[in-house]
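Please find below my comments on the model under review.

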Amino acid sequence: MAGRYCSLAQASAPVFAPGLTAERLSALRGGRRMWVNGTVLHYYFFDDDTDGSVIPVPGTAETRRVSWAGAKDQQDVVRECFREWQDLGIGLTFTEVDDRSEAELRIGFQLGDGSWSTVGRDALRVGRNERTMNFGWDLTAPGERGTALHEIGHALGMLHEHQSPFAGIHWDDEAVYAELAGPPNFWSRDRTFFNILRKLDPEEVNGSVWDPLSIMEYPFPSGLILEPEQFRGGLNPPGALSALDKEFVLRWYPPAGAPPVSNRLDRGDPHQPPALVPFRSAPLGLRPGEQADFVVEPPETRAYTVGTFGDSDTVVVVFEERDGEPRYLTGQDDGGTSGNATVRARLVKGRRYFVRVRLYSSWGPGETAVMCW
């Protein structure tokens, strides 16, 4: 029998403007969900009986509320798994908060609603009172800790490994549909196709080779995979972070002590981001996938604009330092457009702000730069 599987919400493929070069499309598909490095991801556990889903009571016109709260032992498994990812030395930080309005990741434990997560920056599109992650079964049961590692992998921007076009998996499609239609998943054909049979774009996947040991790989019983032949009897990943999982996440989120390439040219402390001074353009000098970080200490309190210049696709994010850590303030992604990322925010004199710019690709002549004004 199949195990209980993570079920990502079905979504349409992104639509990019016509006429983009293959290089631009590749960069956009590969990086559009990834956080800028240095982000502090705040997570919140729903713990109030007033938080939850309202569902109909069968056979009546009434409804009832299903709580999203989770017991401490369930929460502790998730906390441990956040620490495991963090302990790899990645450039992201996870911090638990007790105010959901401050959380990018909001976690529920609604039994029967499946286990799932938004992928990477897609969490920012979810309403502040809604979940970005759910655990639908007991995480303390034998073999289920990997579910929490898996969902956090999605929150970091990772996708399902068995959907990689590099896997070379030939499925017995009807056997897969039949298996997932039964207990414990009870999936529709559309949900099964989206989460299992659908092949991802080569630029979207976690690496250029298939990793059957990945935490993002499902286990499968015998009879579902026809090829590769060695997996006809079933596929049983260990439910732990693989070497390639670690390599992937460290490539996207290198340790915080490693300064961005453009900042190494600054004459000051190489580990201290340079200042972004109002009305003074700062050249970026980035290669695709690289990031530049800056500090803004506003000389007066007012609304400021931060934007990029040049023919490039970038993500620009502004953070405000609060209690010694950066809190997400605003951001924009200009990927695939002819314009540039421009954000506006009220900056307060005496406070400290960080501007992080990640380059997808440059597609025209001239230099790419960022400025605050």
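**Comments on the predicted model**

1. P184 is located in the loop that runs between helix 4 (173-181) and helix 5 (189-197). The peptide bond between P183 and P184 is cis, with omega of about 5°.

2. A cis peptide bond is also found between E227 and P228, where omega is about 0°. P228 belongs to the loop between strand 9 (225-227) and helix 6 (243-252). As background to this point and the preceding one, most peptide bonds are trans.

3. Backbone phi angles deserve a comment as well. Most residues other than glycine have a negative phi. F279, although not a glycine, has a positive phi of about 70°. F279 sits in the loop between helix 6 and strand 10. Is F279 buried or exposed? With a relative accessible area of 59%, F279 is exposed, because the cut-off for that class is over 50%.

4. D323 likewise is not a glycine and has a positive phi, here of about 55°. The loop that holds D323 lies between strand 13 (312-322) and strand 14 (325-333). The relative accessibility of D323 is 79%, and D323 therefore counts as exposed.

5. Turning to the sheets, which strands make up the mixed one, and in what order? Five strands form this open sheet, in the order 4-1-5-7-6, with mixed pairing. Its edges are strand 4 (93-96) and strand 6 (116-117), each of which pairs on one side only.

6. Where do the side chains of strand 5 point? L105 and I107 point one way, while R106 and G108 point the other way. All four of these residues are buried.

7. Strand 12 (residues 302-309) pairs with strand 15 in the antiparallel sense over six bridges. In this pairing, R302 stands opposite L347 of strand 15.

8. What does P299 touch, once residues up to four places away in sequence are left out of the count? P299 touches P278, Y304 and K349. P299 itself is placed in the loop between strand 11 (291-296) and strand 12.

9. Finally, P299 can be set against a residue elsewhere in the chain. P299 and E96 are 203 residues apart along the chain, and their C-alpha atoms are separated by 32 Å.

How values were computed: Residues numbered from 1 in each chain as written. Predicted model: local features only at pLDDT ≥ 70, side-chain atom pairs only at ≥ 80, totals over all residues. Heavy atoms only, no water. Pairing = 2+ DSSP bridges. Helix = DSSP H or I, 4+ residues; strand = E, 2+ residues; numbered from the N terminus. Buried < 20%, exposed > 50% of the residue type's maximum accessible area, 1.4 Å probe, protein only. Contact = heavy atoms within 4.5 Å.
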